[in-house]
Amino acid sequence: MSTTMTSPKRTGSTTPDLLTAGQLPKFTGLAALVVSIAVAAGLLALLQSANVTSVVAVGALLFLLSMFILSTAVEGVRKAKDRLAKYVVTGFFLVALAPLISVIWGTIANGMARFDGVFFTWSMRNVLGEGGGAIHAIWGTLIITGIATLISVPIGLLTAIYLVEYSNNGKLGASIRFFVDVMTGIPSIVAGLFAYTIFSMIFGAGHKSGISGAVALSILMIPTVVRSTEEMLRIVPNELREASYALGVPKWRTILKVVLPTSIAGIITGVVLAIARVIGETAPLLVTASITSSMNLDPSQHPMATLPVFVYNQYMYAPGIDTAAYHARAWAGALTLILIVMGLNAIGRFIAWKFAPKAGR
Amino acid sequence: MSATDIPEASTDPRSDSHSLERSAKRFGDTFFRGLSTGSGVLILLILAAVAAFLVGLAIPALLADPETFQFSRGQSFWKYVAPYAFGTMWSAILAMIMAVPVAVGIALYLTHYAPKRISSTFGYIIDLLAAVPSVVFGLWGIAVLAPAMRPLFLWLNEHFSWIPLFAGQVSGTGRTIFTASVVLAVMILPIITAISREVFLQTPKLHEEASLALGATRWEMIRQAVIPFGMPGIISACMLGLGRALGETMAVAMVLSGSGIISFKLLTSQNPNTIAANIAQSFPEAHDIGRNQLIATGLVLFIITLAVNMTARWIINRRKEFSGAN
């Protein structure tokens with residue numbers, strides 16, 4: 001961000017160029033960074049406490065300090081503060097990347113060991129120690145998430161249609177919108193407790209089933225579907241609706257035949273992202289569908305294993321012997337889960353990109 | 001529906017069937033309208049049912065004789081829930097202290113410093129961070145982060161043990177409330193970043209240019225134009241992040257081996273637990289009144305997060321009315 005002066009350029013003078021006078025040369029930042037890291041490494045080596053983290057931390061502090069002093073001396077204190085802010089903000093960005101890389105790398109490195117054929121063909125029935133897999137958990141996740149989607153999408157879609165097409169900014173619409181927002185903030189474990197209590201009231205205490213897990217996930221999924229669908233319906237141009245009304249088409253057919261087809265790509269994207277959000281939920285399934293080591297394809301009764309709960313269970317309840325085998329399975333499950341979520345995200349964004357509506361408001 | 005083909009003013013001899021079709025049309029409209037209104041109301045009912053069921057099943061724990069309790073027998077329910085409520089708040093506050101400056105910094109970097117291409121790519125990467133399931137974060141926290149944090153803990157304990165926060169015997173595993181808060185901070189970072197970024201992008205260009213034209217440096221421009229405009233947005237983003245941190249279960253349940261104590265010490269193996277993590281850990285072995293106790297603590301959590309979220313939404317909605325942008 002250099003100030004652009006429009007004064008005529010002075011040529012042939014022996015004095016330094018006025019445009020760049022009072023500014024640090026461009027390489028200063030890089031040079032100061034290298035020197036700071038080197039000094040930090042040297043100092044810490046003298047104190048015999050040098051490692052990557054401490055060198056980077058001390059080096060960064062030295063860099064900020066030296067640049068601030070240098071810049072204050074040459075460019076003035078306002079410029080120096082500007083530089084400091086720029087470096088700190090950039091630094092925060094780099095700091096935030098560290099955990100992301102660490103999570104992804106850790107999962108891949110630890111998960112590859114058991115990311116094999118056995119993992120995707122075996123359940124945990126009668127498996128102790130090595131071997132075994134998560135096919136029962138993968139099926140459970142697909143079934144429960146599928147049911148949750150079947151419950152959430154109609155409710156979410158219709159509510160969004162009500163909000164956009166029928167509510168006319170009335171009191172009911174405003175309160176639905178407000179409580180949908182509030183609903184996005186329900187802790188997932190509370191949704192799980194709710195589903196558990198409802199089902200144990202109907203079917204007796206201690207009821208565990210896939211469908212109760214699906215109900216818990218729906219509570220988390222509905223608000224996401226409503227919000228994304230509502231946004232998509234809102235960007236459908238009003239001219240389309242009016243053209244349809246002008247032809248004498250009733251409102252409900254206008255919605256079904258004009259509004260929805262126009263925004264369908266965005267709606268599907270929203271639904272896919274909502275699925276990606278709930279497919280990794282652990283806590284609500286822990287209290288509703290629970291965990292089992294055998295395949296259970298019947299969502300109406302008996303515990304049903306799911307991938308997130310499988311990961312939790314394999315890692316946290318590993319027995320004393322052969323612990324490594326259980327941990328390896330947990331990591332492989334985590335890797336599978338991340339791949340599913342990333343895949344769903346990619347699909348959602350691809351649909352949004354491919355069929356992006358070209359019309360504006 | 002051929003009704004639309006018939007001109008309204010036609011003098012059709014079959015006027016009976018015409019009116020029938022007209023009423024069929026009306027019926028379709030009424031039906032669809034009712035259906036969509038119904039699902040809107042259904043959502044309100046679900047939320048009411050969540051509250052009602054939780055209250056209904058929590059009441060036995062509030063009324064029962066403490067001597068019959070499964071957890072912390074002989075103490076009143078409020079004594080039982082207090083340490084967990086403390087742990088929930090304490091870990092969330094620690095996470096906020098770490099996450100908020102970084103998140104706002106990233107949002108500023110992405111909107112005002114980074115080149116456009118980097119900005120959109122990394123905006124997407126930050127969004128991906130939000131999509132990583134919490135159980136994976138928990139696994140990462142317990143297996144990767146906790147051992148990596150231990151040298152820092154030892155160093156802090158050695159040099160700063162005069163600060164009460166860092167006092168005490170350092171945990172041998174690194175699984176402390178500090179580590180749990182770092183995991184929470186990483187988890188709420190993308191939420192706060194995403195909302196702050198949107199708000200910063202909405203800053204009126206004219207405000208920014210006016211500030212720059214008066215000779216402000218970029219940082220001064222940010223402080224004069226961007227931050228004041230985006231302040232309500234940042235606050236509500238933080239509240240939403242706080243709501244997420246309060247309700248997060250698995251990451252804490254996996255990283256922390258907590259107990260029902262109130263302790264501000266960050267580095268020891270004696271850690272307060274959170275409400276959500278305690279429910280997840282104790283629920284499998286809970287029975288009868290024990291389940292009511294846990295549901296009652298869930299109700300406390302529900303009320304806390306509800307209050308936080310409603311405040312955040314209220315701030316957002318209030319802002320819409322007087323903001324200059326759209």
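Between chain A and chain B, 9 residue pairs are in polar contact, with both partners at pLDDT 80 or more. That count comes from a predicted model. On the chain A side, helix H3 (residues 77-111) gives the largest share of the touching residues, 17 of them. By class, the side of chain A that touches chain B has 54 nonpolar, 14 polar and 10 charged residues.

How many salt bridges cross from chain A to chain B? The rule finds 1 salt bridge across this interface. Arg78(A) and Glu220(B) form a salt bridge through their side chains. The distance there, N to O, is 2.8 Å.

Now take the interface as a whole. Chain A brings 78 residues into contact with 81 residues of chain B. Together the two chains bury about 7300 Å². Carbon and sulfur atoms give 80% of that area. Which three residues of chain A supply more of its buried area than any other three? They are Phe93(A), Tyr166(A) and Trp252(A). Their share of what chain A buries against chain B is 8%.

Aromatic rings come next. Over all chains, the structure holds 22 aromatic pairs. One of them joins Phe194(A) and Phe53(B), whose ring planes stand at 80 degrees with centres 5.7 Å apart, so this pair is edge-to-face. The pair crosses between chains. Phe194(A) sits in helix H7 (residues 188-203) of chain A. Phe53(B) sits in helix H1 (residues 15-63) of chain B.

Next, look inside chain B. The domain assignment divides chain B into domain 1, residues 15-59, and domain 2, residues 64-322. The contact between them takes 6 residues from domain 1 of chain B and 5 residues from domain 2 of chain B. Taken over C-alpha atoms, the centres of these two domains are 38 Å apart. The area buried between domain 1 and domain 2 of chain B is about 570 Å². Carbon and sulfur atoms give 80% of that area. On the domain 1 side, Leu54(B), Leu57(B) and Ala58(B) supply 70% of the area buried against domain 2 of chain B.

What holds for polar links between the domains of chain B? The count of salt bridges between domain 1 and domain 2 of chain B is 0. The count of residue pairs in polar contact there is 1, with both residues at pLDDT 80 or more. The side of domain 1 of chain B that touches domain 2 has 6 nonpolar residues, no polar ones and no charged ones.

Chain A is also divided. Its domain 1 covers residues 28-110, and its domain 2 covers residues 119-354. The centres of these domains of chain A, over C-alpha atoms, lie 42 Å apart. Contact links 5 residues of domain 1 of chain A with 5 residues of domain 2 of chain A. About 460 Å² is buried between the two domains of chain A, and carbon and sulfur atoms give 81% of it. Which residues of domain 1 of chain A lose the most area to domain 2 of chain A? Ile104(A), Thr107(A) and Asn110(A) do, and together they account for 82% of what that side buries.

Between domain 1 and domain 2 of chain A the rule finds 0 salt bridges. The side of domain 1 of chain A that touches domain 2 has 2 nonpolar, 3 polar and no charged residues.

Key: Residues numbered from 1 in each chain as written. Chains lettered and ligands numbered in written order. Heavy atoms only, no water. Domains from an automatic or database assignment. Contact = heavy atoms within 4.5 Å. Buried area = accessible area lost by both parts, 1.4 Å probe. Salt bridge = Lys/Arg side-chain N within 4 Å of Asp/Glu carboxyl O. Polar contact = N/O pair within 3.5 Å; in protein donor to acceptor, adjacent residues only side chain to side chain. Nonpolar A, V, L, I, M, F, W, Y, C, P; charged D, E, K, R; others polar. Helix = DSSP H or I, 4+ residues; strand = E, 2+ residues; numbered from the N terminus. Phe/Tyr/Trp six-rings, centres within 6.5 Å; stacked < 30°, edge-to-face > 60°.
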